[in-house]
Amino acid sequence: ALAATRRSVVRLDAARLASALAHLTNERRRRRFARFERALSVSWPGCDTPAVTTEVGRGGCLLRGALPAPAHGHFALHLPETGRTLHVEADVTHRLGDLAPGPSAGDGLRFCRFDEGDEPAWIEYLAGLEQRSRADT
């Protein structure tokens, strides 16, 4: 006998989703710095399972994880190419969890302050990403 499976159906509010997508499109045009698709591990105090970035940029990143990021806190950005961990204080500016099903659909972090010496390392890391993206095109 085949076991019956239950699926939960999540209904999305199309008008709300369209409005949020339009906002994101406009927001991209207003950004001062480029963003790059990049998966970096990000952790914070009390975080058992790190989140992963989907996009990174000079002033922040977009995180996806099993749990939402704290509204304000200290975060560790783990750079696999260099083996270095950068420390930054950041605020969550928006959460995409209300618009899509599943665990933490996305938390937008805005960097407030880096630990000493970490901001130049972040800028150098992003410059390397920019060079690689130009070489790929």
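## Salt bridges in a predicted model

The side chains of glutamate 81 and arginine 132 form a salt bridge, 4.0 Å from N to O. Glutamate 81 sits in the loop between strand E5 (72–79) and strand E6 (84–95), and arginine 132 in helix H2 (residues 118–136), so the pair ties together parts 51 residues apart in sequence. A salt bridge here puts a side-chain nitrogen of Lys or Arg within 4 Å of a carboxyl oxygen of Asp or Glu. The structure holds 8 of them.

This is a predicted model: local features need pLDDT of at least 70, side-chain atom pairs count only at pLDDT 80 or more, and totals for chains, interfaces and linings use all residues. Residues are numbered from 1 along each chain as its sequence is written, and side-chain values use heavy atoms, leaving out hydrogens and water.

Two further pairs follow.

| Pair | N to O distance |
|---|---|
| arginine 113 – glutamate 89 | 3.1 Å |
| glutamate 130 – arginine 134 | 3.0 Å |

Glutamate 130 and arginine 134 are 4 residues apart in helix H2, so about one helical turn separates them. Arginine 134 is exposed, at 59% relative accessible area. Glutamate 89 is buried, at 17%. Buried means under 20% relative accessible area, exposed over 50%, and partly exposed in between (1.4 Å probe, protein chains only).

Now the whole chain. It has 2 helices and 7 strands, which are DSSP runs numbered from the N terminus (helices: H or I, at least four residues; strands: E, at least two). Their order is α-β-β-β-β-β-β-β-α. Of its 137 residues, 32% count as buried.
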